[in-house]
Amino acid sequence: MDIATDPDTLTPDEALLVAYGNGDRDAARVLAERLSPRVLGQAFRMLGDRTEAEDVTQEAMLRLWKIAADWRQGEAQVTTWLYRVTANLCTDRLRRRSRSMALDDVAEPEDDRPGVADQMQHDSRLAALHAALASLPERQAQAVALRHLEGLGNPEIAQIMDISLEAVESLTARGKRALTAILAGRKAELGFQDD
Amino acid sequence: MTDLDRKDQDQDDAGLETLFALARAPVDPPSRELMARILADAAAVDSGRTQMAPQAARGGLFSGLMAALGGWPALGGLAAATVAGLWIGIAPPSGLTGLTDAVWGTSTTISVFSVDDVLGSEGQG
């Protein structure tokens, strides 16, 4: 039976990737449908920009297609590998963004109509978070994003980042402290003193 | 840490958690256009692999020799060096003759036997 038409959706990602590496393009379609939403979600939560997140998703999936023929079975999970690639691509973009944009450049709410003001504050808060993430050291930004945006446990983050549990704990703690310090001067503007 | 410090810390943590919660909101699934781009990449990478595989299998003795020498660029250099060596052998530049004389000395032909002696023509006539 062709693996890609197999109704059993539990066919492991790795089996599909190996099948694609052997020329089964239907396996690539199943993998794309299964993994792209996850990659896009991770990229969007980290970058806050749909167009950039889509570009990262395409690039991460392209790297997956390229490594398929050389994939070493049993060494890593496909999802772990993709989390790592996506996190690296996102921090590359955050770093470029931080060079070209100061934190104070983030737009502030200007329209005070009900509803619009809430939406603008929502957007402003997210923009502030992404700008603050962009100013963190790369590894801290990755650890914080995987822990607090993706909701992953420390053991999985340790695998993704290829570091120890202690290093994960240290990176997330330092990252959160740094974010708090960066955002401290904007609490009133972001509406946190009323919360 | 004083109670005031702890209150500030709690507020900061709550503010950061609020931001994280906002960012964790569900994301719309990939568009058809994005999926098409991703699958086009998959097809292109697969095509590239299948085109490269026969080339690797087609190698014969000549291509193996070429590869060992370093391919066409290396073969071109080898051919140029061969022609240059041949030309120097046939028509050495004057400067080179002076140099070889200095290194090896001037060659002199010494005849131990008279040609006539060898051919037995001495005394005839």
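A nonpolar core here is a set of buried Ala, Val, Leu, Ile, Met, Phe, Trp, Tyr and Cys residues whose side-chain atoms join up within 4.5 Å. With that in hand, let's look at this predicted model.

The largest such core has 55 residues, and the ones with the most contacts inside it are A:Tyr20, A:Met61, A:Leu64, A:Trp65, A:Leu82, A:Leu133 and A:Leu179. Helix α2 of chain A, running over residues 25-47, gives the most to this core: 11 residues. There's also a second, separate core of 10 residues, with A:Ala143, A:Met161, A:Val168 and A:Leu171 among them.

Back to A:Leu133: leaving out anything up to four places away in sequence, A:Leu133 touches A:Met46, A:Leu94, A:Ala141, A:Val144, A:Leu149 and A:Leu179.

What about helix α1, residues 13-21 of chain A? Its buried residues are A:Asp13, A:Leu16, A:Leu17, A:Ala19, A:Tyr20 and A:Gly21. Residues three or four places apart on an α-helix point the same way, because there are 3.6 residues a turn. Just past α1(A), A:Gly23 takes a positive phi of about 105 degrees.

Now the aromatics. The count over all chains comes to two aromatic pairs, and here's one of them:

| Pair | Geometry | Centre to centre | Angle between planes |
|---|---|---|---|
| A:Trp71 and A:Trp81 | edge-to-face | 6.0 Å | 80 degrees |

A:Trp71 sits in the loop between α3 (50-67) and α4 (78-100) of chain A, while A:Trp81 is in helix α4 of chain A, so the pair ties together parts 10 residues apart in sequence. Both A:Trp71 and A:Trp81 are buried.

Note on methods:
Residues numbered from 1 in each chain as written. Chains lettered and ligands numbered in written order. Predicted model: local features only at pLDDT ≥ 70, side-chain atom pairs only at ≥ 80, totals over all residues. Heavy atoms only, no water. Buried < 20%, exposed > 50% of the residue type's maximum accessible area, 1.4 Å probe, protein only. Helix = DSSP H or I, 4+ residues; strand = E, 2+ residues; numbered from the N terminus. Contact = heavy atoms within 4.5 Å. Phe/Tyr/Trp six-rings, centres within 6.5 Å; stacked < 30°, edge-to-face > 60°.
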